[in-house]
Amino acid sequence: GRAFFARAHRQLIAFARWEFDLGAPLADGSSTRANLQVAARSDTPMGRRARQRLAAAPPLPPALAPLWGWYLRLRAQCPWSEAGRAPIDAPLISHWSNLTGIRLTPDEVGLILDLCALDRTQDAKHRAAARQAATRR
């Protein structure tokens with residue numbers, strides 16, 4: 001029951017944090033993930049380290065894999081601005097749920113909102129680091 005859900009929630013958040021960090025845009029427009037994937041193709045110490053880092057991804061809990069997919073679909077509906085991606089909110093979730101016929105439980109809505117908050121926090125952290133790097137040049 002609750003212990004299983006709490007463990008799966010922690011695992012999903014760890015997986016999402018890893019995904020958001022690897023997918024964050026770098027100064028050149030690429031992502032850490034893209035750079036690691038390129039490096040992983042080489043048979044060098046750097047390539048081995050890249051493969052190890054990619055293989056170290058926290059697992060996506062199978063029971064929450066559909067919810068991760070729903071989150072990504074909802075996230076794609078949020079417009080970007082200079083301040084970052086607009087948040088997922090209750091009206092968007094309700095509209096999406098009505099359109100798709102997918103009825104989310106209150107716990108699932110809570111998880112989606114947690115993922116959105118984490119995504120926005122990680123995005124703000126990466127944007128601040130990019131601004132700081134740009135001012136050092």
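Trainee: In what order do the elements of the protein chain run from the N terminus on?

Mentor: In this predicted model, the elements of the protein chain follow the order α-α-α-α-β-β-α-α from the N terminus on, and the chain has six helices and two strands. Along its principal axes, the C-alpha trace spans about 50 × 35 × 25 Å.

Trainee: What share of the contacts with a separation of 6 or more joins residues 24 or more positions apart, and how much of the chain is buried?

Mentor: Residues 24 or more positions apart account for 61% of the contacts with a separation of 6 or more, while buried residues make up 31% of the 137 residues in the protein chain.

Trainee: How should I read a nonpolar core, and which residues touch the most other members of the largest nonpolar core?

Mentor: In soluble globular proteins, nonpolar side chains tend to be buried together. Here the largest nonpolar core has 24 residues, and W68, Y71, I88, I112 and L115 are those that touch the most other members. At least two residues of this core come from each of α1, α4 (65–75), α5 (90–100) and α6 (106–136), and α1 gives the most, with six residues.

Trainee: Is D119 buried or exposed, and which residues is D119 in contact with beyond its neighbours in sequence?

Mentor: A residue counts as buried under 20% relative accessible area, and D119 is therefore buried, since its relative accessible area is 8%. D119 lies in helix α6, and, leaving aside its neighbours within four places in sequence, D119 is in contact with F20, Y71, R75 and R85. With R75 the link is a polar contact between the two side chains, at 2.7 Å. As a reference across the sequence, D119 and Q11 are 108 residues apart along the chain and 15 Å apart in space, C-alpha to C-alpha.

Trainee: How many cavities of 30 Å³ or more are counted, and which residues line the largest cavity?

Mentor: The count comes to one cavity of 30 Å³ or more, and the largest cavity has a volume of about 30 Å³. The residues lining the largest cavity are Y71, R75, C78, R85, A86, P87, I88, C116, D119 and R120. Two or more of the lining residues come from each of α4 and α6, with the largest share, three residues, coming from α6. By class, this lining has six nonpolar, no polar and four charged residues.

Trainee: Let me turn to a loop residue: where is S31 found, and why does S31 count as buried?

Mentor: S31 is found in the loop between α1 (2–23) and α2 (32–40), and S31 counts as buried because its relative accessibility is 13%, where the cut-off for buried is under 20%. Leaving aside its neighbours within four places in sequence, S31 is in contact with L22, G23, A24 and L26.

Trainee: Which backbone atom does the side chain of S31 reach, and what is the accessibility of the residue A34?

Mentor: The side chain of S31 reaches the backbone nitrogen of A34 at 3.0 Å. A34 has its place in helix α2 and is partly exposed, with a relative accessible area of 30%. A34 and G23 are 11 residues apart in sequence and 8.1 Å apart in space, C-alpha to C-alpha, and G23 is one of the residues in contact with S31.

Notes:
Residues numbered from 1 in each chain as written. Predicted model: local features only at pLDDT ≥ 70, side-chain atom pairs only at ≥ 80, totals over all residues. Heavy atoms only, no water. Helix = DSSP H or I, 4+ residues; strand = E, 2+ residues; numbered from the N terminus. Buried < 20%, exposed > 50% of the residue type's maximum accessible area, 1.4 Å probe, protein only. Polar contact = N/O pair within 3.5 Å; in protein donor to acceptor, adjacent residues only side chain to side chain. Contact = heavy atoms within 4.5 Å. Core = buried A, V, L, I, M, F, W, Y, C linked by side-chain atoms within 4.5 Å. 1 Å grid on protein atoms, 1.4 Å probe; cavity = no way out; pocket = protein on both sides within 12 Å on 5 of 7 lines; lining within 4 Å. Points joined across faces, edges and corners; volume = space filled by probe spheres on them. Nonpolar A, V, L, I, M, F, W, Y, C, P; charged D, E, K, R; others polar.
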